[in-house]
Amino acid sequence: MILIIVLVLLGLNIIFHTTCPVVILTGFPCPGCGLTRAFVSLVIFHPVLAFKYNATFVLWLLFILVLLGNRYVFDGRIKGIKAMLGALLVITIMFYVWRLLHVFPGDVPMVYVEDNVFARIIPGYKEIVEKLIYLCGNK
């Protein structure tokens, strides 16, 4: 099963140069775009680069630590985990909208990928996206 998952992810990466379903379908970055790069950057001691990729990684890291603590230290006694997750999702989406308005299109991961499924199957999709980007007045 793991081999199948790895092969599917490898195939997606070869065809679309990403494994993110939102990017594959629409060409637009998703709210979580940059989180993996941010965590990797933090692990290799590049915190400034981590913030550049997605600043919400700090909140996600804290949430993961709370989850681990809840399971292994507090035996499930921490209440409000679902509320914390909901708040974190709202914050992540709000940060995503801010990045779309002020950073997109820019540096990776806030780029538009022209080779996406919608551009292949929806006539005029590419032109609509180009006009939208132009109207937003970003780069």
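User: Where is the place of Pro109?
Analyst: Pro109 sits in the loop between H6 and H7. Helices here are DSSP runs of H or I with at least four residues, strands are E runs of at least two, and both are numbered from the N terminus. Before we go on, this is a predicted model, where local features need pLDDT of at least 70, side-chain atom pairs count only at pLDDT 80 or more, and totals for chains, interfaces and linings use all residues. Residues are numbered from 1 along each chain as its sequence is written, and side-chain values use heavy atoms, with hydrogens and water left out.

User: Thanks! Is the peptide bond from Val108 to Pro109 cis or trans?
Analyst: The bond from Val108 to Pro109 is cis, with omega near 10 degrees. Pro105 also lies in the loop between H6 and H7, and the Phe104 to Pro105 peptide bond is cis too, with omega near -20 degrees. As background, most peptide bonds are trans, and most residues other than glycine have a negative phi.

User: Speaking of phi, what is the phi of Phe45 near?
Analyst: Phe45 has a phi near 65 degrees, which is a positive value in a residue other than glycine. Phe45 belongs to the loop between helix H3 (35-43) and H4.

User: And is Phe45 buried or exposed?
Analyst: Phe45 is exposed, at a relative accessible area of 73%. For these labels, buried means under 20% relative accessible area, exposed means over 50%, and partly exposed is in between, using a 1.4 Å probe and protein chains only.

User: Let's zoom out. How many helices and strands does the protein have?
Analyst: The protein has eight helices and zero strands. Its C-alpha atoms fill a box of roughly 55 × 40 × 30 Å along the principal axes. Buried residues account for 28% of the 139 residues.

User: How do the axes of H5 and H6 cross?
Analyst: Helix H5 (residues 57-72) and helix H6 (residues 81-102) have axes that come within 11 Å and cross at roughly 170 degrees. The axes are lines fitted to C-alpha atoms, over the stretch in contact for helices, and angles run from 0 to 180 degrees between N-to-C directions. H5 and H6 are therefore roughly antiparallel to each other. On that scale, angles under 35 degrees count as roughly parallel, over 145 as roughly antiparallel, 65 to 115 as roughly perpendicular, and the rest as oblique.

User: Nice. Which residues in H5 meet H6?
Analyst: On the H5 side they are Leu59, Trp60, Phe63, Val66, Leu67 and Asn70, and they meet Ile81, Met84, Leu85, Leu88, Leu89, Ile91 and Thr92 in H6. Contact here means heavy atoms within 4.5 Å. By class, the contact of H5 with H6 has eleven nonpolar, two polar and no charged residues. Ala, Val, Leu, Ile, Met, Phe, Trp, Tyr, Cys and Pro count as nonpolar, Asp, Glu, Lys and Arg as charged, and the others, Gly among them, as polar.

User: Switching topic: how many salt bridges are there in the whole structure?
Analyst: A search of the whole structure turns up three salt bridges, each a side-chain nitrogen of Lys or Arg within 4 Å of a carboxyl oxygen of Asp or Glu. One of them pairs Lys52 with Asp107, and the closest N and O atoms are 3.4 Å apart.

User: Why would the Lys52 and Asp107 pair tie together parts apart in sequence?
Analyst: Lys52 lies in helix H4 (residues 47-53) and Asp107 in the loop between H6 and helix H7 (117-121), so the pair ties together parts that are 55 residues apart in sequence. Asp107 is partly exposed, with a relative accessible area of 49%.

User: What about Glu114 and Lys126?
Analyst: Their side chains meet in a salt bridge of 3.6 Å, N to O. Glu114 is in the loop between H6 and H7 and Lys126 in helix H8 (residues 125-135), so this pair ties together parts twelve residues apart in sequence. Another salt bridge joins the side chains of Asp115 and Arg120 at 2.6 Å, N to O. Asp115 is partly exposed at 34% relative accessible area, whereas Arg120 counts as exposed at 51%.

User: Last one: what does Thr26 touch?
Analyst: Not counting residues up to four places away in sequence, Thr26 touches Tyr112, Asn116, Phe118 and Tyr125. Thr26 lies in helix H2 (residues 21-26) and is buried, with a relative accessible area of 18%.
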